[in-house]
Amino acid sequence: KIILTGSAGFIGKHLEKALKARGHQVYGIDKKINVDISDGNKLANHIETFIEGPEMIIHLAANCSTQRGIDNPQQDFQDNAVGSLNVLETARYYGIPVIYASTCKVIPNDEGIRTPYGLSKYVGEQYALEYSNLFGIDFIANRMGTIYGPGQEGSPESGWLAWFIKCKMEKLPLTIFGDGTQIRDVLYIDDLVRLYVDQVENFDDYSGKIYDVGGGPNNAISLNLALKYLEIDKFKTGPARIGDAKEYTSDNKEVTKINKWWPRISWKVGIDKTLEHYR
């Protein structure tokens, strides 16, 4: 019996489907459909009312936009840091493990800067570590990079690759912030879901560690290369965004050691699959 926060989001929808297909009972929690995890009392009451004997929490729910965090740091902290604390309190109450979806943005950029989004997610990591040390709550944390694939809405604020595809398909105006040479490793959603399912079913193998999870060096592309592959030649440029790293590529070595997980779907195949979905 798995509590899945952020179940109405892009990753949550894919993961819930995959877990149910393998026979797991999944109870979705999302502020879009039932309860906001940043309200601890409502979260506790909802679980007590609707979920009997939960055995694990996968915590995906968050503000995932760097820009929204800069525009409204207080709300970002409420969504991410306070929400994660409430999830960990739930885990402590029931004595169950947690898989925490973190982000590569917890790592400071070349100038040593974390954005509010990166900082609030880092706070969640630190609470997970301390709840493990103090209360014996088993956890896994995944520092995810750029995740993309069918069903991702994408916007100027988050999900940049999905936003590029949407702009191409719907002929929307596109603005690139910076010179386009920024490099990110991109991970197709099916590869990410495969890892989460393995972590659920072999939790003890992964427990107690924070992992980098992304497309890795073979799937590291610049924004300019993505634009070229998508045949987008009309776009505007703007100043680089505060806190953006010039280059980030996930080092998947630690997570690969466990059960030999690695990204199977190349960025070109993944983009083609996503394009086909949008068509």
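Predicted model: local features only at pLDDT ≥ 70, side-chain atom pairs only at ≥ 80, totals over all residues.
Residues are numbered from 1 along each chain as its sequence is written, and side-chain values use heavy atoms, with hydrogens and water left out.

**Overall shape**

The protein chain has 11 helices and 12 strands; these are DSSP runs numbered from the N terminus, with helices being H or I of at least four residues and strands being E of at least two. For 279 residues, a compact globule would have a radius of gyration near 19 Å, and the 18 Å found for the protein chain agrees with that. That radius is taken over C-alpha atoms, and the globule rule is 2.2 Å times the number of residues to the power 0.38. Along the principal axes, the C-alpha atoms fill a box of roughly 55 × 40 × 35 Å.

Buried residues make up 49% of the 279 residues. Here buried means under 20% relative accessible area, exposed means over 50%, and partly exposed is in between (1.4 Å probe, protein chains only). As for contacts (heavy atoms within 4.5 Å), take those between residues at least 6 apart in sequence: 81% of them join residues at least 24 apart.

**The sheet and its helices**

An open sheet of 6 strands runs in the order β2-β1-β3-β4-β5-β9, with parallel pairing. Two strands pair if DSSP finds at least two bridges between them. β2 and β9 (210-213) stand at the edges with a single partner strand each, so one side of each has no neighbour in the sheet. From one strand to the next, the twist averages 20°. β5 and β9 pair in the parallel sense over 4 bridges, and methionine 144 has valine 213 in β9 as its bridge partner.

Now the helices. α1 lies across β1 (2-5), β2, β3 (56-59) and β5, at about 165° to β1. α7 lies across β1, β3, β4 (98-103), β5 and β9, at about 170° to β5. Angles run from 0 to 180 degrees between N-to-C directions, using axes fitted to C-alpha atoms, for helices over the stretch in contact. With 13 residues, α7 reaches 18 Å from its first C-alpha to its last, close to the 18 Å expected at 1.5 Å a residue; the expected span is 1.5 Å times one less than the number of residues. Among the buried residues of α7 are Leu192, Leu195, Tyr196 and Val200, as well as Asp191 and Gln199.

**Salt bridges**

The structure holds 9 salt bridges, each a side-chain nitrogen of Lys or Arg within 4 Å of a carboxyl oxygen of Asp or Glu. The table includes three of them.

| Pair | N to O distance |
|---|---|
| arginine 22 – glutamate 201 | 2.7 Å |
| arginine 143 – glutamate 125 | 2.8 Å |
| lysine 257 – glutamate 254 | 3.0 Å |

Arginine 22 sits in the loop between α1 (10-21) and β2 (26-29), and its partner glutamate 201 is in α7 (residues 189-201), 179 residues apart. Arginine 22 is exposed at 53%, while glutamate 201 is partly exposed at 33%.

The second pair links arginine 143 in β5 (residues 139-144) to glutamate 125 in α5 (residues 116-135), 18 residues apart. Arginine 143 is buried at 17%, and glutamate 125 is buried at 0%.

Lysine 257 and glutamate 254 are both in α10 (residues 253-259), 3 residues apart, so about one helical turn separates them. Lysine 257 is exposed at 59%, whereas glutamate 254 is partly exposed at 37%.
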